[in-house]
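The points are grouped by topic.

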Amino acid sequence: MVPAPLKDSKQAIIIASDILRPLAAPAAAAFWGERFKTIYCETGRALIDRLRRRPFHCAIIQDQLEDCDCWRLAKIIRSGRFCAPALPIVVLHRGAPSAGFEAIAKGLNAVPTSLSEPDAIPRIVQAAIDQRRRSSVLIIEDDPDAAETARRALDADYKVEIAVNGAEGLSAWKEKRHDLVLLDLMLPALPGEEVLKEILAVNPKQPVIIVTAHASQSRHSNLMLLGANEFVEKPFDINVLRALCRSLFQEMALARADREIDEMRTAARENAHRATAASISLRQGNTSGAAMQLDAMLAGAPQDLTDDEWVEVLNDVEQSEAD
């Protein structure tokens with residue numbers, strides 16, 4: 001059972017870290033400011049126990065704790081069994097988070113940050129809290145009771161908009177391009193199936209959950225082939241609806257992370273080829289060709305080298321050319 005909403009004017013954050021407390025301790029009030037009320041835990045088990053007893057605005061989790069790692073705790077939070085599943089999570093890394101660390105964090109809708117820059121943590125926490133409800137859901141439903149039930153189920157975690165017929169829903173979606181559409185099939189004037197076709201004609205990857213009271217398996221399969229992601233039957237269980245939405249958003253986040261990892265791998269391969277070409281050019285005395293390859297690397301995907309380090313590399317090339 002999710003605890004009642006917070007009434008305290010301060011934003012309550014729960015922290016599982018044996019490093020962050022001493023970093024913030026010398027001037028805790030100055031570090032966290034007047035906005036936050038902080039509770040520290042030494043283990044993942046203690047953090048989950050606290051989350052069960054009261055709500056928080058954000059959870060901060062160190063990469064490795066005594067009894068588990070940050071990913072296991074993030075998955076437990078996202079399950080929704082012990083707290084609100086959309087609870088903002090900030091995961092702490094000793095040193096700069098790697099590309100893999102950041103990709104996994106994105107898949108779990110968590111914000112990665114470095115323990116080597118503790119002064120930035122309060123700002124990052126506030127930004128995570130402010131962004132909690134950034135994902136949007138459009139409910140296209142002509143039954144007021146069903147629409148209100150869906151709104152109550154999702155309003156705590158997402159920005160929810162309701163359209164009472166197909167034409168209104170289609171217009172709202174074209175204007176705002178919501179992250180998820182909850183679409184009733186039996187709509188007046190413009191049926192849900194036609195709304196689905198028009199939405200997917202514009203964006204074939206738009207996530208859509210179909211709401212239906214009576215539909216055969218053949219119709220379900222036809223709509224899935226058209227591009228619907230999931231079905232929920234009326235009268236629907238709000239816990240089932242929450243779980244479907246949460247699962248779909250997690251799938252989208254994982255898909256985005258996979259795409260970003262593929263892009264990073266492609267960029268790394270391209271830069272490796274350019275580095276080889278630059279090396280060959282230098283050995284052949286073609287310093288202008290080497291500089292062109294290094295310029296292409298600098299203009300491409302983000303590199304591990306800083307801008308200052310790139311300047312040093314290019315200066316070396318220019319010096320080689322002068323010699």
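Strand S4 (residues 89–93) and strand S5 (residues 110–114) run parallel and pair over 5 bridges; pairing requires at least two DSSP bridges between two strands. Helices (H or I, at least four residues) and strands (E, at least two) are DSSP runs, numbered from the N terminus. The model is predicted: local features need pLDDT of at least 70, side-chain atom pairs count only at pLDDT 80 or more, and totals for chains, interfaces and linings use all residues. Residues are numbered from 1 along each chain as its sequence is written, and side-chain values use heavy atoms, with hydrogens and water left out.

**Strand pairing**
- Within the S4–S5 pair, Ile-89 is opposite Ala-110 of S5.

**Ser-114**
- Ser-114 is part of strand S5.
- Ser-114 counts as buried because its relative accessibility is 8% (buried is under 20% relative accessible area, exposed over 50%, partly exposed in between; 1.4 Å probe, protein chains only).
- Not counting residues up to four places away in sequence, Ser-114 touches His-93, Gly-95, Ala-96, Pro-97 and Ile-121 (contact means heavy atoms within 4.5 Å).

**Nonpolar core**
- The largest nonpolar core has 26 residues (a set of buried Ala, Val, Leu, Ile, Met, Phe, Trp, Tyr and Cys residues joined through side-chain atoms within 4.5 Å).
- At least two residues of this core come from each of S1 (11–16), S2 (36–41), H3 (44–53), S3 (58–62), H4 (70–78), S4 and H5.
- Helix H4 gives the most, with 5 residues.
- Ile-61 is among the residues with the most contacts inside the core; its neighbours beyond four places in sequence include Leu-47, Ile-77 and Val-91.
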